[in-house]
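Let's take a friendly walk through this model, from its pockets to its helix pairs and a couple of backbone details.

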Amino acid sequence: DKLTFVFPNRRAVLYFRKHLTDLIKSPVFSPRFTTIEDFMAAYSPYEVPDKLELVHRLYKSYYEVLSGEKDGAASESFDKFYFWGDMLLRDFDEVDKYMVDAPQLFRDLSNQKEIDSGFDFLTPEQLQFLKEFWGNFDEDLTANKQKFLHVWRQLPEVYKMYRKQLADAGLAYEGMLHRDVAERARELAASPSDSRKIVFAGFNALTIAEEKVITAF
């Protein structure tokens, strides 16, 4: 009863609880079981709404940036935006879970000199991949490529505005919540909410945010 077990998901909690009950021969106080999602949520001021609300708020932020209109007037309907918005939300989620520098990730590298000067930490193979991808834009700048570049150049501002508008409403997508907790992990671990020993069990392929939180605690 002096332990808290943190698992990757609810299924792991159910399996562990089942096997624990098979081992128990007399009444005992149970340890506390939780998932990494619930563990992080307990240390965050934000709530994660359903995906529909997250994509709809992204829709308004996206078109507010691209159109410059404060009412977020869109050039296409929400139902047409949803598929693209869902993909963009997953990208932002990954950016935050792996604590990536978003402006660096979304840089316009169509001028290839920027690749050599700004990405010297990459391997030669990674540099070659970037050059081949962005090199296509110099060869034939079609209408679709022009649209891609226009949107790509706005993504750092979309990311920034979307996060701010969510935070102002007390909301977050999962990755944003994880990043918030990871950035404060040392401070949170120094004054835990209870005195139980925390056991993180069953994890593999940790995100950077999870790694920072688990290391701190």
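## Ground rules

Helices (H or I, at least four residues) and strands (E, at least two) are DSSP runs, numbered from the N terminus. This is a predicted model, in which local features need pLDDT of at least 70 and side-chain atom pairs count only at pLDDT 80 or more, while totals for chains, interfaces and linings use all residues. Residues are numbered from 1 along each chain as its sequence is written, and side-chain values use heavy atoms, with hydrogens and water left out.

## Two loop residues

Most residues other than glycine have a negative phi. M99, in the loop between α4 and α5, has a positive phi near 50°. A205 also has a positive phi, of about 50°, although it is not a glycine; A205 sits in the loop between β3 (197-200) and α11.

## The largest pocket

Pockets are found on a 1 Å grid over the protein atoms alone: a cavity is a set of points where a 1.4 Å probe fits but cannot get out, whereas a pocket is an open set with protein on both sides within 12 Å along at least five of seven lines, and lining residues have an atom within 4 Å of a point. Grid points are joined across faces, edges and corners, and a volume is the space filled by probe spheres set on the points.

The largest pocket has a volume of about 430 Å³. Its lining has 21 residues, and Y62, W84, F148, V151 and L155 are the closest to the centre. At least two lining residues come from each of α3 (51-67), α4 (78-97) and α8 (143-168), and α8 gives the most, with seven. By class, the lining has 14 nonpolar, three polar and four charged residues (Ala, Val, Leu, Ile, Met, Phe, Trp, Tyr, Cys and Pro count as nonpolar, Asp, Glu, Lys and Arg as charged, and the others, Gly among them, as polar).

## The second largest pocket

The second largest pocket holds about 270 Å³ of space. Of the 14 residues lining this pocket, L105, L109, L130, W134 and W152 are the closest to its centre. Two or more lining residues come from each of α5 (102-105), α7 (124-139) and α8, with α7 giving the most, four residues. Eleven of the lining residues are nonpolar, one is polar and two are charged.

## How helices pack

Axes are lines fitted to C-alpha atoms, for helices over the stretch in contact, and angles run from 0 to 180 degrees between N-to-C directions. Contact means heavy atoms within 4.5 Å. How do α3 and α8 pack? Their axes are 8 Å apart, at an angle of about 125°. That makes α3 oblique to α8 (angles under 35 degrees count as roughly parallel, over 145 as roughly antiparallel, 65 to 115 as roughly perpendicular and the rest as oblique). Among the residues making the contact are L54, L58 and Y62 of α3 and V151, V158 and L166 of α8. The contact divides into ten nonpolar, four polar and three charged residues.

Helix α9 (residues 174-183) and helix α11 (residues 208-216) have axes that come within 9 Å and cross at roughly 35°. Here H178, V181 and A182 of α9 meet A209, K212 and V213 of α11. This contact has four nonpolar, one polar and one charged residues.
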